[in-house]
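Please look over the structure below before reading my points, which move from the whole chain to one of its elements.

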Amino acid sequence: MLFDEERKGPSEFATRNIVVSLLFIHLASGSPSTLETRAKSILQYLRDPSKRESSQPPGFIASMHHPRPYRIWCREIVNVTKEVFWIFLHHVNIIPYPQACEHDSNDTSEKDYRTTHFPQERPPIPASPYIGGVEWDATHYLATHMDLLNGLIASLPMRQDRNSLRQELKDSGFEKCMGGSLRT
């Protein structure tokens, strides 16, 4: 349902936000020993579906293909910014910086990475002077995607796994999405 073409548009942000929230809650409720397994299973759900064998390109073309496994997920986020672009035009729609935490940047412990970077529960902050409506739903929907994305990265225990996922996300267009569509 999350990537269903028939269930698109601003009226569906709240419903789709529930789906992404459930994925994040499933990830966040896991014990430290099950986080990696849960993260990988959620990533499988978010991965683009594989093409049927009949629609696969010939072998010599497939060998030149660079995989972009999360294109549909990235497109979902970019489409929100296109459907309600005006929320990025209001000068009062800002995202406040979080409180600075005391963190030693030289500490590269894998456990500390997870505890430091896994998204924590925050009090709601209005996206603009009013609460409710399409802008509110769209902002929450995008924020939930970002929490899920950060939680998935933080749940992978090894640095090379996190970097591999970051590269797949970059190849799928997330870097352009974050630096262009989500940035004003």
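1. How many helices and how many strands does the secondary structure of the protein chain come to? In this predicted model, the protein chain comes to eight helices and zero strands, and, read from the N terminus on, its elements run α-α-α-α-α-α-α-α.

2. Turning to the chain as a whole, buried residues make up 30% of the 184 residues, while the protein chain exposes about 12100 Å², of which carbon and sulfur atoms supply 56%. If you consider the contacts between residues at least 6 apart in sequence, 76% of them join residues at least 24 apart.

3. Helix H1 covers residues 13-28, which gives it 16 residues, and from its first C-alpha to its last it reaches 22 Å, close to the 22 Å expected at 1.5 Å a residue.

4. Which residues of H1 are buried? They are Phe13, Arg16, Asn17, Val20, Leu23, Phe24 and Leu27, and because these residues cover an arc of only 120° around the axis, they lie on the same side of H1.

5. Finally, what do the buried residues of H1 pack against? Their partners are helix H2 (35-46), helix H4 (71-83) and helix H6 (133-155).

Note on methods
Residues are numbered from 1 along each chain as its sequence is written. This is a predicted model: local features need pLDDT of at least 70, side-chain atom pairs count only at pLDDT 80 or more; totals for chains, interfaces and linings use all residues. Side-chain values use heavy atoms; hydrogens and water are left out. Helices (H or I, at least four residues) and strands (E, at least two) are DSSP runs, numbered from the N terminus. Buried means under 20% relative accessible area, exposed over 50%, partly exposed in between (1.4 Å probe, protein chains only). Contact means heavy atoms within 4.5 Å. Accessible areas come from the Shrake-Rupley method with a 1.4 Å probe; for residues, only the protein chains shown count as cover. The expected span of a helix is 1.5 Å times one less than its number of residues. The arc is that of the directions from the helix axis to the C-beta atoms.
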